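Reader: Hi! Could you walk me through this one while I look at it?
Author: Happy to, just ask away.

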Amino acid sequence: MASAFSATKFAAHPFNTISPTSQNKPLKIPTAASPFLGSTRKLLRLTSQLNLSRRSSGSVFAVSDVVKEKKPTPTPSLLITKGEGLVLYEDMVLGRAFEDMCAQMYYRGKMFGFVHLYNGQEAVSTGFIKLLKQQDSVVSTYRDHVHALSKGVPARAVMSELFGKTTGCCRGQGGSMHMFSSEHNVIGGFAFIGEGIPVATGAAFTSKYKREVLKEADCDHVTLAFFGDGTCNNGQFYECLNMAALWKLPIVFVVENNLWAIGMSHLRATSDPEIYKKGPAFGMPGVHVDGMDVLKVREVAKEAIARARRGEGPTLVECETYRFRGHSLADPDELRDPAEKAHYAARDPIAALKKYLIENNLSGEAELKAIDKKIDELLEDAVEFADESPLPPRSQLLENVFADPKGFGIGPDGRYRCEDPKFTEGTAHV
Amino acid sequence: MATSFHGVGAAVAALSSSPSNSFDSKKLLCSPRRSFPVRKGASFVVARSDGSVNFDLNPKARRAQQLIVNAVATKSDSSPASSSSKPGHELLLFEALREGLEEEMDRDPRVCVMGEDVGHYGGSYKVTRGLAEKFGDLRVLDTPIAENSFTGMGIGAAMTGLRPVVEGMNMGFLLLAFNQISNNCGMLHYTSGGQFTIPIVIRGPGGVGRQLGAEHSQRLESYFQSIPGIQMVACSTPYNAKGLMKAAIRSENPVILFEHVLLYNLKERIPDEDYICNLEEAEMVRPGEHVTILTYSRMRYHVMQAAKTLVNKGYDPEVIDIRSLKPFDLHTIGNSVKKTHRVLIVEECMRTGGIGASLTAAVTENFHDYLDAPIMCLSSQDVPTPYAGTLEEWTVVQPAQIVTAVEQLCK
C-alpha cells in the first residue's frame, strides 16, 4: 500500500518558509483518482503567486515535508507497528459494531429519540483520538458515540446511557447526543451544531492558562473539536478559528466532511466548499486528508497534535469522509445518489486497514477475526448490562440541576428548598 | 455613613430622584464595636440582610436575629465629611465591583475575566480598570467581538477547572450568547449527569439608562429567567455589589449578575473586612407595616423616593430589595406578606413575562391566603425603549406612580 501522504492536500501561502521541494508538489487538486465527489465547480489550481503579508505566526508548513524529513529511508517504511495496527483495528471495529448494535436496539425499542450513527467515519475518530493522552480533551457533536468509545469510555456506560439507565455515563440524563466523561475528558456531546466549538476553545484556553498563569509547566493538554461540514457555515466556527489562532490555543479543529448535512449537500450550502482553505485566512494551517484511510488521518493528526502541544497553535483539518447510514435513524436517506454511496462503501476504512495489515504481514486473518469476535462479545455484554441496569428513580430528577443545590432558593419556611425531603424524593415542584 | 448619589460625568448621570434621598444600608451591619471572634478556619464574615452576622452559611442561625434599624435616614446622621473617622471605606459602586473582583482574583488564581475591552481599556464602565496591568493579559482577557463564542469559551474553561467572569459590555449583547447561556451554561451540569460543574459568573450592565436607545436599554433578566440551572442576582448598592460579586465567584453554580447602567456611581461606605452577600437572600431595605413593596436594582431608588412621600402622607411601606431574581427568597418575602397583607411589585422589566410576572405568580401561589388585596405589579411598558427623554421617562415606572399605587392598594 502506498505511503499515506500522496493524497493529502494543503492550503499553503508560500510567502516564506516554504522549501523548494514543496513547490514541486503543488496542491493536489481532486482528480478522477481521488475525486471530491459531487463537486460541480471547476476547482482552480492554486498558484504560487499569492503574496499576502501576514504575521509570521500564520506561516504554514507542508506536513508532507515534515514527514518526509522524518523518514528518510529509501524503502517505503510502514507507518505503524503491529501493536499500533491492532489497536487501530480494534477501535474501528468497536465503533462500527457498536453503531450497528445501536441500530438494532433502536428498532427493538430500547432507545428513543434522535440517534446519529457514525458508520463509515471510524477512521477519523480512531486516527485522531488514539493519539491522545487521558488528560487531552475531546469535544464532539450529536454523532458522538464513537468519539466517546475511542477516548476510552466503556461500551457499557455508553450503551446504558443510550438506554436511559442510571448506570449510563451521564446517569441517563444526557442521552445519545450528550456523551460526557470527566474521567476520560470527553466534554460532550452537543445537540446544536457549532455550540461545542466554543466549549472546546475554552478547554484549550484552560490548558494554556494552566501553563502560563498557574505555572504548571508540563501542562500541554490538547483539545480536539470534531464537527461536520454543515457546521463550517456557522458563525461560532469562524469566531473560534479567530480566537484560537489569535491566542495560539492548543486545539485541533477536525472537520468530518461527509458532504451531507441531513439532506443538504455541502455544495448547495457553501460558497467555497474547500473547507481546509479557510484555515490560513485565520492564520492557521489548513489540511485536507482522506478521511476513509486511518493511516493518513493518523499521520496528519500526529503533526497537528504535536503542533498544538508545542504551543504553536491550532490547525484546521478537513477529513473527507462519508456516513454509510442516514443522518439519524429517522432519516430515510433518499436524497443521496446510490453511486456515491457505493463509491464510498468501496473505501470502507476497516476493510482498508485490514488489507494493509495483512498485506504488510502485520497480522493475519485469524487474529483479526479473533478481534471481531472479542468485540462482539463485548457488545453483547454491554447490551446485557444496559438491559439489566435500573431506570433512574424519581429521586434523581432534581439532582444535578445545580452543583450547589442551594441554587433552588429559600422556601417560605426559611429553610433552603433542597433541605425539603421532597427534593431528595424528586417530587417537589421547583 | 449615608449612601449618596454621586453624579459624575455626562455619560452616567445621577438618577432622576433628588440627591437628598439617602438611606443607610450600612447600618444593616452589626455595630463595629462588637468584636468578631474569628473561628478557626473562617476567613470571612457573612453579614445578613436582617443584621445578623454569621461565620458560616448555616441557615438556622439566620432566624435568631431581629431587625436592627430603620433604613430610611429620616433620622439621618453624619454627612460624608465627618465619615473619615468611621470604620470602613467609601467608594462608588463600580469600584466596589472591582474591589470584589480583585479580592477574589487575589484569593484564587483560577479566577479570570473575559470580555470586550476589559483589559487594556479597563472596562467600558471601569469595573476592571487596572486589573490587566496587575494580573496580565491572559487573566484579564480582551476578547474579539464574538459574544456567543467567548461566552462558550468561558463555559468550556469553567468546565475544565477555571473560574471565569465573563463580562457583557451591555447585557443586551448577551442575546447573542443566548445559545451558550441556555444550552451549555444552564444545562450541562445536568446533561453530563453531574460530571462537570460550571462555576462561571456572567455579569454586565443592563436596564434603561439615559436615552441609550432601545437596544442598549434591555432587561435580560426577563429573558433568562426560564433557563434551568442558573442563578440570577441583581445588585443595587456598593455594599451588595461587592458582596454579590464575591459570592457569585465563589459559587459552584453559574450565576448571572445584573448591574445597572445608572447605578455605577452610587457612593457608599462599605466594611474593610472580607464579606459576602448570600446569593439566595433578599435584602430588607425599610421595614414597615402597611404594604410590602418588592423591587430590585434601579427601581429600588424610585421606590425609596416614593417611600419618603408616602411616609409624609402617613403610610408605612416595607421595602424589600429582592436581589435574588432566580430563585426568589420566599422566606423574606413571605414573612413580609404575612405581616402587611398587601403587595406591590415595582420592576423595570416589561409587563409581559418579566420578573414581576413571575414574582406575582410565586407570591400568589405561596401566600394567597395572606393577601387582603390583589397583588399590584408596576412594570415598564411593553414598548421598545424610545430615545426621546420624555417618552423614555414614561416607559419606566416613576415614583409618583408608586405613590398612587400604594394609596390605591391601601384604600
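Reader: How are helix 8 of chain A and helix 4 of chain B oriented to each other?
Author: In this predicted model, helix 8 of chain A and helix 4 of chain B are roughly perpendicular to each other. Here angles under 35 degrees count as roughly parallel, over 145 as roughly antiparallel, 65 to 115 as roughly perpendicular and the rest as oblique. Helix 8 (residues 235-246) of chain A and helix 4 (residues 147-159) of chain B pack at an angle of about 65°, with their axes 9 Å apart. Axes are lines fitted to C-alpha atoms, for helices over the stretch in contact, and angles run from 0 to 180 degrees between N-to-C directions. Helices (H or I, at least four residues) and strands (E, at least two) are DSSP runs, numbered from the N terminus.

Reader: Which residues meet there?
Author: From helix 8 of chain A come Q236(A), E239(A), C240(A) and M243(A), and they meet N148(B), S149(B), F150(B) and M153(B) in helix 4 of chain B. Contact means heavy atoms within 4.5 Å. The residues of this contact divide into 4 nonpolar, 3 polar and 1 charged. For the classes, Ala, Val, Leu, Ile, Met, Phe, Trp, Tyr, Cys and Pro count as nonpolar, Asp, Glu, Lys and Arg as charged, and the others, Gly among them, as polar.

Reader: Before I go on, what are the ground rules for numbering and confidence?
Author: Residues are numbered from 1 along each chain as its sequence is written, and chains are lettered from A and ligands numbered from 1 in the order in which they are written. As this is a predicted model, local features need pLDDT of at least 70 and side-chain atom pairs count only at pLDDT 80 or more, while totals for chains, interfaces and linings use all residues; side-chain values use heavy atoms, with hydrogens and water left out.

Reader: Thanks! At what angle do helix 3 and helix 14 of chain A cross?
Author: Helix 3 (residues 82-107) of chain A and helix 14 (residues 365-388) of chain A cross at roughly 40°, and their axes come within 9 Å. That makes helix 3 of chain A and helix 14 of chain A oblique to each other. The contact of these two helices divides into 14 nonpolar, no polar and 6 charged residues.

Reader: Switching to electrostatics, how many salt bridges are there over all chains?
Author: A search of the whole structure finds 52. A salt bridge is a side-chain nitrogen of Lys or Arg within 4 Å of a carboxyl oxygen of Asp or Glu. In chain A, the side chains of D290(A) and K296(A) form one at 3.6 Å, N to O. D290(A) and K296(A) are both buried, where buried means under 20% relative accessible area, exposed over 50%, and partly exposed in between (1.4 Å probe, protein chains only). D333(A) and R336(A) also meet in a salt bridge, at 2.9 Å, N to O, and both are buried.

Reader: And what about D274(B) and K246(B)?
Author: Their side chains meet in a salt bridge at 2.6 Å, N to O. D274(B) lies in the loop between strand 11 (266-270) and strand 12 (275-276) of chain B and K246(B) in helix 8 (residues 238-250) of chain B, so the pair ties together parts 28 residues apart in sequence. D274(B) is partly exposed at 22% relative accessibility, whereas K246(B) is buried, with a relative accessible area of 1%. Salt bridges that share partners join both into one network, with E99(B), E103(B) and R107(B) among the other members.

Reader: Is helix 10 of chain B enclosed or open, and why?
Author: Helix 10 (residues 330-340) of chain B is largely enclosed by the rest of the structure, because 8 of its 11 residues are buried. L330(B), H331(B) and I333(B) are among the buried ones. H341(B), whose phi is positive, near 65°, follows the helix.

Reader: Last one: is N400(A) buried or exposed?
Author: N400(A) counts as buried, at 13% relative accessibility. N400(A) has a positive phi of about 65° although it is not a glycine.
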